[in-house]
Amino acid sequence: MIIAKISWQNLRQTPARTLLTILAMGIAATLAVASLVGLRSAQSSLFTYQVAQTQAIVRFSDLSQDQLHRLIKEPLLIHQRRYVTTTLHHGKDAVPAVTVTPAVLRKLGPALLSGGRLPRTASEALVTDTLLPEGTALGDWLTLTQAGKPRRVRVVGVMNRYSPSYLDPSGIIQVRHTLPEGRDTLMADLATTRDAHNRVAGMAAKAGVGPTQYQLNDDALKVMGESDKAKTRLIIVGTVAGVLAVISIAALLLIYTSINLTVRAYRTRYGLLRSLGTTPKQLRRIVLSEALMLLVPAMILGLGFGVGGMAVTLGWLNRLFADNDFAFALRLTVDWLPLVVAAGFMTAVTLIAAARPAWRASRVSPIAAIRALDASPRVSKRRLRPGFWLKRIKRPTLRLALRNYRRTDRKATMMVTLIATVALFVGLTGFTANFLRDYADLTGPDIIATAGGDRVAAAEKVLVRTGAVKQHFVAPHFGLEVRRGPLFLKGFDLSIYVVSKTLARKLKHPLPYLVDTKIQTENAQGKTVMRYTVPLDYAKPLVLRGQRNKRTVSVTPTLVPYNAQTPEALVVYEQGEAALMISQAQYATWRQKLGLSERDLQTTAAATLTNPNDHKRVAQALKANFAGITIIDAVATNQESYAMTTMMRVLMSGFVALLALVSLATIVNHTFADLMASRQSLAMMQSIGTTPNQLTAVKSLEYAFLLGQGLLYGGILGSAVSYGLTMLLFQGSSNAPAYIWPTQGLLVAATAIVAIWGGFVLATHRLLTHQNIDALIRRV
Amino acid sequence: MSILTATDLTKTYPGEEQPALDHVSLRIEAGEFVAIVGPSGSGKSTLLHMLGGVDRPTEGHVSLYDTDLGGLNETQLAIFRRRQVGLIYQFYNLMPTLTVAENITLPAELDGKKIPEAELTDLLAALGLTAKAHALPSQLSGGQQQRVAIGRALINQPAIVLADEPTGNLDQKNSQEIMELLHYANVKQGQTVIVITHDPQVAAQAQRVLTIADGRLTEANA
C-alpha cells in the first residue's frame, strides 16, 4: 500500500510532467492500437473480399439427398445456399445447367453478370460467354438438347466462364421456384474459421461426403491464418511481430527517457527513502508502480484515438475507393484480440523500459538525501574557450545562449533521438513517395472493346450514340505469321488491321503502312537500349503466311514510326507489337488467297472519351449490345491503381508519422524536464535583474540550436536514406522514373519542429513570468 | 551495557587525501544522551552517518547490539535502519507529498506494520501536531516540520536516535522545544540519543559530550 501511495503522490506532485508523460505514452499506445486494429481490419476485409470472389467459403458438390440433409443440419455451416445441376448438350458438348431459386439468384447472380440481366422466368437463362455462337445478341434464343430432346432458352444475360464463384458459371443458369431433381450442390459460410480444414473434413466424413466432393476457399482461409502451410501462418505472425518490433523501439525509448528523467529529478527523495529504511527492492517497485500508473490513462487514450483514428482513416479510404470505382471496402474490425495484444504489448514495453531506471533508483545512496548530488557540471577546457561564433557575436542574449548550449552536457541523447526521428520520417516517406507512385497510364485509349467477327458498323454506331467519344478507332484485324522479314518480326505473328475507306480518310499515310514500334534489347556492350521493331531503312518485302492453307502473301509497307497523336495509337502501343494497316481491297485479295473467313477476324473498338467519367456508361452500352464482348476499361483500372497506391501511401505515411510523433514526444519530455530542472538557475538570473523576455530569448535560442541542428542533420540523413533506398529499388531498370525528392517530408518535419519550438518558447515565457523567484532561490 | 560500538572507523572520500574520519573508536551505552561537537568540516556528520548505517566506512566496524553493520547487505542495512535507527536531519527532509501523519508512520508502513490509531494520536499530541495531522510539510513552520521528523524517528521505537544538527535551522524557542522532545524520548522512553551540534547550549544538555576535530575524536570514553 505504501509503495502505491508514494508512487501516486509522486505523480500528483508534478502534474505537468505527469500529463506530458501520459500524452507521450498515449501516442505510443495509439500507434500500437491503431496498427493492430488496422491489421485486423485489413485481414477481415481481405477475408470478406476473398469470400466474395467465390461467394461462399465451402462448396459441397454432387450430393445425395441424404448427404444434403445431414449437411444442412450442421451448425458450423451458415448462410447456406443450394442449387441443382443437370446436364444439357450444345452439339456434342455437355453443358452444365444450374437451377437456383429466385432468392439465391438475387443474392449470387449479380456478381456473375457481365452483360444483360438476370433471368426472371424459367425460359430465360444466364449463359456463359464461350457458349454463345458468333453474332448472338441478347434476347436471342439458344437451342440445347436434354436427353436428346431440344430445349430452347432465351439469352438474357452473359456470364464470365472464368468467374471464381462457387455458383457454377461454365454453362447456363436458370431460375425456378422449385428445384428439379439433379446433382445437389450446397454452398455455405462457416460460423468460425478456426481449424476450418479439420472441422470441414470431419463434417464431410460424418455426412458421408468424400474429400473430392467439397472445396474450401483456401485464399480466404489463408488470410485468417488457417492454412495447412506453416509458411503462411508464419507470414501473418511475422507481419504483426515486425510492426510491433518497430513500434517497441520508439515506445521503449520514449518510456525509458520519461521514467529516467523522473528518477533523476527524484534522486534526493529516493535517497531519503533509502535512509529511512526503504529497501532497494521497494524502491524498484515504486518506480515500476509509477510507470504502470502512467500506463493506465495512456492506454485509455490509445484505445480512443487508435480505434477512432483508424475508423476515420478507413472511412476516408473507402470513400476514395468508391470514388474510383474500386470494388474493395475496408471494414473496421474491433474485437478482443488486437486490444488485448496492444494492452499486453504496452505493459511489457513499459516494464522493460522502466526496468533500468528502477534499478538506478534502487542504487541511489542514502547519503543522497543529505548531500547535494549534482556537482557542478563537468565542462571541458575546450568548451570553456570562446568558439568561432562567440568571439564575433555581440548581442548578450545570443552570447549567453551560445555559451549555455556549448557547455551543457546531456544533449547527446536528445540530439541522436531528434536526428533519428527526422531521418526516419523524411527517409521513409520519401521512399514511399517513390515506391508507391501513381503509375496510371494517362496516354492511350480510355476504353478498348474486342468482339469476334466484323462488327465495325455496329460498334461505331454504339460509340457515336453515347455522345461521349472524343476520338475512336474501330477496325477488324487478324494475324499472319511473318515468314520473311526483319529480325524482330520473323517467325512472329503480325497484327493486320483492315482499314475502311472512311477510316482511311482520317489516317495520315497511304495504305499499306506498318506502324513501327520500339522494343527493348541489349547492345554489344550489354547495355539495355530501345530499338525499332523494323529498322527504318528496311526496304525488303514482308512475306506473310496464313494458318489455313499455308499459302503466303507479300507486302512492302511504308514504315511509319509510332506517333501518339495518330488514331492508330489507340490500338498500337509505342513499346508493343508493330501493326500493319491494309485496305479493304487488299484484305479481299488476301482473304481469297489465304482462305480466310469472318471467323478469323476480331473487331477492336478503341476510344478516348471527352469526359473520362463516362467510362462506365460507354462500357455498359457496349456490353448491352454485344454478347461475348471483352472490354478493357483503362479509366477504371487507373482509378483502382490510384486508389490502391493512395491507400498504401496513407497507411505507410500514417504509421511513419505516428512513429515520428512518439520519438518527438521523447524530445519534448526531455526538453521540458530540463526546463523544470533549470528553474532555480533561471530564478537566480531573474533575481540579479535579467528580464523574463531576455531569459525567454536565451532559452529560445538554445532550443533553436538544438532543434535546428537536429532538423538539418536529420534532413540530410533522411534524404540520403530515401535516395539510397529508391536507387536500390530501381537498380538495373532502364526506364526508372525520375526520382522524387522528399520535399514534402522535409517541409512537414520542419513545420513540426518549428511548432515544437514555438510551444517551448511560450511555455518558457509563461514559466518565467509566473514563477516565485524568492521561493526558488531560498532553496539554494 | 554498550548498545553501539565503533572501532577504528575511517572514511576517505574518492579524490581526497585527508580522511574525513581517522581511526575513530567509541562506545555508547544504552539510554545515553550524547552530543558530538566540532567545527564545520570536522567529520561530525560523517561519523553520524557511519553510526546509523547511512554510509559505509573505508575501514573499521560499527556494531549495534551484536550486529556488525559491515556484514549486512543493502537490503539488510535498509531494514536495520528502518527498525533500529531514527534519523533526524537539519533540514527536516520530509516527504513533501505525504501528510504529517503519513510522514510519521512511513518507517512502520515500509515494514508492513499498521500503527494503531490510538498510538498515533498519542504521539501527535506529544509532538503538538494533533491539529496538523493531515497537513502537508509545505503548510508547516520549520519547528513543526522538525517535530514531524522526530515523530518519524521515534515511531518504530528504534535502538538509537541520531540527530544531525536538529536545531540548526530553528530559532531559539523552537530549538528548545525540539531539545525537550529529545530529552523526553531519552528520559521517559529510555531512547539512546546522539546529537550532532555546534551549538554549545545544545551540547550542554547532553550527559556526555564528544569532540571531533579533523576526523579524530577527542575526549572519547572508549
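A residue is called buried when its relative accessible area is under 20%, exposed when that area is over 50%, and partly exposed in between, as calculated with a 1.4 Å probe on protein chains only. Helices (H or I, at least four residues) and strands (E, at least two) are DSSP runs, numbered from the N terminus. By these terms, 7 of the 8 residues of helix H1 of chain B are buried, so H1(B) is largely enclosed by the rest of the structure. The buried residues of H1(B) are Lys44(B), Thr46(B), Leu47(B), Leu48(B), His49(B), Met50(B) and Leu51(B).

This is a predicted model, in which local features need pLDDT of at least 70 and side-chain atom pairs count only at pLDDT 80 or more, while totals for chains, interfaces and linings use all residues. Residues are numbered from 1 along each chain as its sequence is written, chains are lettered from A and ligands numbered from 1 in the order in which they are written, and side-chain values use heavy atoms, with hydrogens and water left out. For chain B the mean pLDDT (the predictor's confidence in each residue, from 0 to 100) is 88, and 98% of the residues reach 70 or more. The complex receives from the predictor an ipTM of 0.74 and a pTM of 0.71.

Chain B holds an open sheet of 4 strands in the order E2-E1-E4-E5, with antiparallel pairing, where two strands pair if DSSP finds at least two bridges between them. Strand E2 (21-29) and strand E5 (67-68) of chain B stand at the edges with a single partner strand each, so one side of each has no neighbour in the sheet. Strand E4 (residues 59-64) of chain B is joined to E5(B) by 2 bridges, and these strands run antiparallel; here Ser63(B) stands opposite Asp68(B). Helix H1 (residues 44-51) of chain B packs on this sheet and touches strands E1 (2-11), E2 and E4 of chain B, its direction making about 125 degrees with that of E1(B). Such angles run from 0 to 180 degrees between N-to-C directions, and the axes are lines fitted to C-alpha atoms, for helices over the stretch in contact.

**Nonpolar cores**

A nonpolar core is a set of buried Ala, Val, Leu, Ile, Met, Phe, Trp, Tyr and Cys residues joined through side-chain atoms within 4.5 Å. The largest has 99 residues, and those with the most contacts inside it are Tyr270(A), Leu47(B) and Leu51(B). Helix H9 (residues 280-323) of chain A gives the most to this core, with 14 residues. Leaving aside residues up to four places away in sequence, Leu47(B) is in contact (heavy atoms within 4.5 Å) with residues including Leu9(B), Val24(B), Ile36(B) and Leu217(B).

**Chain A and its backbone**

Chain A has 23 helices and 22 strands, and 46% of its 780 residues are buried. Its C-alpha trace spans about 110 × 75 × 45 Å along the principal axes.

Most residues other than glycine have a negative phi, and most peptide bonds are trans.

| Residue | Phi | Place |

Ala147(A) is exposed, with a relative accessible area of 78%. A cis peptide bond, with omega about -5 degrees, joins Leu511(A) and Pro512(A).
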